[in-house]
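Subject: Handing over a structure

Hello,

I am passing a structure on to you, and my notes follow below it. Please have a look at it before reading on.

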Amino acid sequence: MTPGTRLLVNARGERYRFDPGSLSLELMLTGGPGPYERYEIAHAPSDLADWFTGSRLALTAPLTDVQIRPAELAALKTLRDSLYRVAPALARGEAPSSDDLALLNDATGATPRPVIDPETRRLAWAPPVTGKQLLGAVARDAIGLVAGERSGRVRECSADDCHLLFFDTSRSGNRRWCSMERCGNRAKIRAYRARTETA
């Protein structure tokens, strides 16, 4: 599977692929506050380190040596929880709170450092990639969604029973579904049935 694309399972046990289009929105798939606690996968630093190896950071270069300390795991979860307030506000065209923006600003700093692997002469991340660097990468990505050239393109899936958030990478800027494989396909089936019933 392409890094950044995640395999999700709905309440009926059906599996589908979902690419949120952004590292910060992708991090939200690891769990979260309140009702999202049941989806938590980052119970230990190693859990989140393993998860990052399949993140969209691996589109640039493989992540092979990720080391997250317990305090860094807590900081990443705090940032992730703030994204549950920031991203829906962006999708609704609202301004995120100044407290959440301050948290994003404070989290920026070191990010993974690209290097050329001397053996393969390919791009790599300088080892080890730390939790602090990952925190900085996620925060910078989120800042780009709020105020960068990518602002104004965070969307919520149009399906009534889906609340997944994604960065709209479509050329026209009118993507409606989290995944054509799931919600888009269900909408097409409903529209087809409605047309055939009226005919």
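Which helices do the buried residues of α4 pack against? They pack against α3 and α5. A word on the ground rules before the rest: this is a predicted model, in which local features need pLDDT of at least 70 and side-chain atom pairs count only at pLDDT 80 or more, while totals for chains, interfaces and linings use all residues. Residues are numbered from 1 along each chain as its sequence is written, and side-chain values use heavy atoms, with hydrogens and water left out.

Helices (H or I, at least four residues) and strands (E, at least two) are DSSP runs, numbered from the N terminus.

Let me stay with α4, which spans residues 98–107. Its buried residues (buried means under 20% relative accessible area, exposed over 50%, partly exposed in between, with a 1.4 Å probe and protein chains only) are D100, L104 and A107. These cover an arc of only 70° around the axis, so they sit on the same side of α4; the arc is that of the directions from the helix axis to the C-beta atoms. Exposed residues S98, D99 and D106 are carried by the face turned away from that buried side.

The partner α5 takes in residues 131–147, and its axis comes within 8 Å of that of α4, with a crossing at roughly 135°. (Axes are lines fitted to C-alpha atoms, for helices over the stretch in contact, and angles run from 0 to 180 degrees between N-to-C directions.) That makes α4 oblique to α5, where angles under 35 degrees count as roughly parallel, over 145 as roughly antiparallel, 65 to 115 as roughly perpendicular and the rest as oblique. The crossing is left-handed, meaning that the near helix is turned anticlockwise from the far one by less than a right angle (clockwise would be right-handed). On the α4 side, L101, L104, N105 and A107 make the contact, and on the α5 side L135, G136, A139, A142, I143 and V146; contact means heavy atoms within 4.5 Å. Sorted by class, the contact has eight nonpolar, two polar and no charged residues. Here Ala, Val, Leu, Ile, Met, Phe, Trp, Tyr, Cys and Pro count as nonpolar, Asp, Glu, Lys and Arg as charged, and the others, Gly among them, as polar.

Next comes α2, residues 45–52, where P45, L48, A49, W51 and F52 are buried. They cover an arc of only 160° around the axis, which puts them on the same side of α2. What they pack against is β1 (6–9), α1 (23–27), β3 (66–67), α3 (70–91) and α5. With α3, the angle is about 65° and the axes are 9 Å apart; this crossing is left-handed. P45, L48 and F52 of α2 meet P70, L73 and L76 of α3, giving six nonpolar, no polar and no charged residues.

Beyond its neighbours within four places in sequence, W51 is in contact with R6, E26, L27, T30 and I41. The C-alpha atoms of W51 and T30 are separated by 8.3 Å, though the two residues are 21 apart along the chain.

Finally, two backbone details. The peptide bond from P127 to P128 is cis, with omega near -10°, and P128 lies in the loop between β5 (123–125) and β6 (129–130). R121, in the loop between β4 (114–116) and β5, has a positive phi, near 55°, in a residue other than glycine. R121 is exposed, at 71% relative accessibility.

Best wishes
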